[in-house]
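Subject: The structure I promised you

Hi there,

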Amino acid sequence: MEYKPTILAFLCNWCSYTGADLAGTSRLKYVPNVRVIRVMCSGRVETTFVLKAFREGADAVLICGCHPGDCHYHEGNYKCLRRYLLLQKYIQQMGIHPDRLRLEWVSASEGNIFARLIDEMTETVAKLGPCEVRKTMETIM
Amino acid sequence: MENKPKLKVAAYWGAACGGCSVSMLDVHEKLFDILALADFVFWPIILDTKYHDVEEMPDEHIDVTLFNGAVRNSENEEMAKLLRKKSKILVAYGSCAHMGGIPGLANFFSKEEIFKRVYLENESTFNPDGTVPQPVCEVPEGKLEIPVFYNDVLTLNQVVDVDYYLPGCPPQTERFLEVFMAIATGAELPPKGSVVGARDKSQCDECERKRTDNKLVKKFYRPWEIYDDGESCFLEQGVICMGPSTRSGCGVRCIKGNAPCRGCYGPPPDVIDPGAKMMSAIATMIDAKESDDIKKIIEDIVDPTGTFYRFSLPAAILRKKSIYEEKY
């Protein structure tokens with residue numbers, strides 16, 4: 001069977017979740033590999049959430065927030081950006097490919113961009129193959 | 001009190017530096033109080049009791065076992081399991097038994113990498129034959145066996161059931177005494193699985209340094225790169241201090257000694273992963289909005305894992321480096 005990656009996406013309530021909703025209501029087609037979790041702000045996404053996602057078997061994690069300057073809470077997306085960049089450095093130290101974690105800005109009107117993003121990310125992650133973090137953590141040697 | 005039988009206490013070390021044993025010996029003259037209440041039935045560092053003596057004890061013969069050190073090899077695991085069987089209360093004593101501690105940082109490497117570095121590549125090692133320890137080897141006199149070195153460093157509770165955790169690297173002797181006296185005098189014990197000898201609040205709660213609301217920094221410094229003013233919050237000066245995600249109870253000793261907290265007391269209650277919590281906090285302190293500027297500031301954090309998981313890597317969500325390391 002062809003390998004189908006699982007992508008866990010944290011979408012901010014005000015822009016990206018609405019954007020993803022728009023993709024749905026506009027009947028845009030995109031691959032069904034994404035599992036969405038709505039958060040009030042991308043700044044709510046703690047590093048623990050991302051690490052836990054990998055630990056529980058996600059092949060990739062996507063965080064989407066409002067474009068810089070558009071955050072409903074003024075600064076949340078900047079906080080998210082800073083965490084994301086620090087996390088990137090950390091996951092690379094732990095032997096996880098940087099492409100497995102992505103941060104993108106998607107506004108409420110960008111349903112088409114969201115659909116394309118999921119297609120493209122799924123393709124990238126599929127090329128990387130399954131993420132072995134869960135297996136690593138479960139194997140006691 | 002007179003006719004009460006003495007408490008039987010054992011202490012053992014796994015993968016540890018010995019500091020925990022020293023912290024127990026640091027009770028100084030209080031040792032007499034301890035010895036009045038308890039007999040040490042097994043403590044390899046001071047007593048010549050053999051493993052087979054422990055094996056011959058009936059189950060649950062020992063009242064309290066203080067196990068320090070992580071589980072690194074088959075001997076540690078065997079003794080952890082044996083002592084669990086022979087003890088009524090098993091205490092994970094110190095950071096290594098609690099969260100993996102400093103030896104836990106070896107989870108960055110595989111067993112092969114460690115052996116290669118230690119026995120073959122090390123600058124001060126002369127080993128022309130490339131001899132590497134083998135668990136079993138044949139000699140004319142017979143078969144010799146040494147413990148098997150594991151690939152992973154494990155915390156005590158990843159191997160056996162643990163009753164209490166006494167954190168610290170090493171635990172403060174005063175805290176050890178408090179806990180010991182509570183057990184010895186038959187005080188009511190906290191529920192199983194509790195962290196004892198520490199408080200529930202974070203280090204910051206006890207810290208005496210001056211704090212403001214402005215936590216934003218433009219640069220992170222390693223402690224030796226900056227003249228500490230001795231009175232304002234380390235984080236506000238740009239020095240990474242694990243205080244916010246670390247339990248208090250040590251008496252903020254490091255900070256009082258003008259060194260930032262390194263997190264040996266482990267996370268406060270309800271925090272699963274102190275390193276991740278700290279990363280979340282540290283990242284939000286960065287005073288920049290553009291990716292490139294942020295990256296430049298993050299460059300100052302040379303080794304995020306080693307900094308944020310200094311004592312807790314084996315207990316973290318990602319407890320070791322991926323064995324299927326991805327090249328890019």
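Let's begin with Asp228(B), which sits in the loop between α8 (203-206) and α9 (234-237) of chain B. Helix and strand names like these come from DSSP runs (H or I for helices, at least four residues; E for strands, at least two), numbered from the N terminus.

Some housekeeping before we go on. This is a predicted model, in which local features need pLDDT of at least 70 and side-chain atom pairs count only at pLDDT 80 or more, while totals for chains, interfaces and linings use all residues. Residues are numbered from 1 along each chain as its sequence is written, and chains are lettered from A and ligands numbered from 1 in the order in which they are written.

(The rule: 20 or more other C-beta atoms within 10 Å of a residue's own is buried, 12 or fewer is exposed, and in between is partly exposed, with C-beta atoms placed from the backbone.) Setting aside neighbours within four places in sequence, Asp228(B) is in contact with Gln237(B) and Asn258(B); contact means that the C-beta atoms, placed from the backbone, lie within 7 Å. Cys17(B) is 211 residues from Asp228(B) along the chain, and their C-alpha atoms are separated by 30 Å.

You'll find Asn258(B) in the loop between α10 (253-256) and α11 of chain B, and it is partly exposed because 13 other C-beta atoms lie within 10 Å. Its phi is near 60°, a positive value in a residue other than glycine. Over in chain A, His74(A) also has a positive phi, near 70°. His74(A) is in the loop between β3 (60-65) and α3 of chain A, and with 11 other C-beta atoms within 10 Å it is exposed. There is a cis peptide bond as well, joining Cys169(B) and Pro170(B), with omega about -10°. Pro170(B) is in the loop between β9 (164-166) and α7 (173-184) of chain B. Why point these out? Most residues other than glycine have a negative phi, and most peptide bonds are trans.

Now for where the chains meet. 31 residues of chain B are in contact with 32 residues of chain A. On the chain B side, the elements giving two or more residues are β8 (149-154), α11, α12 (291-298) and α13, and α11(B) gives the most, with seven residues. By class, that side has 15 nonpolar, six polar and ten charged residues. (Ala, Val, Leu, Ile, Met, Phe, Trp, Tyr, Cys and Pro count as nonpolar, Asp, Glu, Lys and Arg as charged, and the others, Gly among them, as polar.)

So what surrounds α11(B)? Its buried residues pack against α2 (47-55) and α3 (76-93) of chain A, together with α13 (304-308) of chain B. Nine of the eleven residues of α11(B), residues 274-284, are buried, so the helix is largely enclosed by the rest of the structure. Among them are Pro274(B), Met278(B) and Ile282(B).

Zoom in on α2(A) and α11(B): they pack at an angle of about 135°, with their axes 8 Å apart. (Axes are lines fitted to C-alpha atoms, for helices over the stretch in contact, and angles run from 0 to 180 degrees between N-to-C directions.) The two helices are therefore oblique to each other; under 35 degrees is roughly parallel, over 145 roughly antiparallel, 65 to 115 roughly perpendicular and the rest oblique. Thr47(A), Thr48(A) and Leu51(A) make the contact from α2(A), and Ala276(B), Lys277(B), Met279(B) and Ser280(B) from α11(B). These residues divide into three nonpolar, three polar and one charged.

Last, the domains. Chain B is divided into domain 1 (7-102 + 152-195), domain 2 (111-150) and domain 3 (203-315), with bounds from an automatic or database domain assignment. The C-alpha centres of domains 1 and 2 of chain B lie 30 Å apart, and five residues of domain 1 are in contact with four of domain 2.

Technical notes. Contact = placed C-beta atoms within 7 Å.
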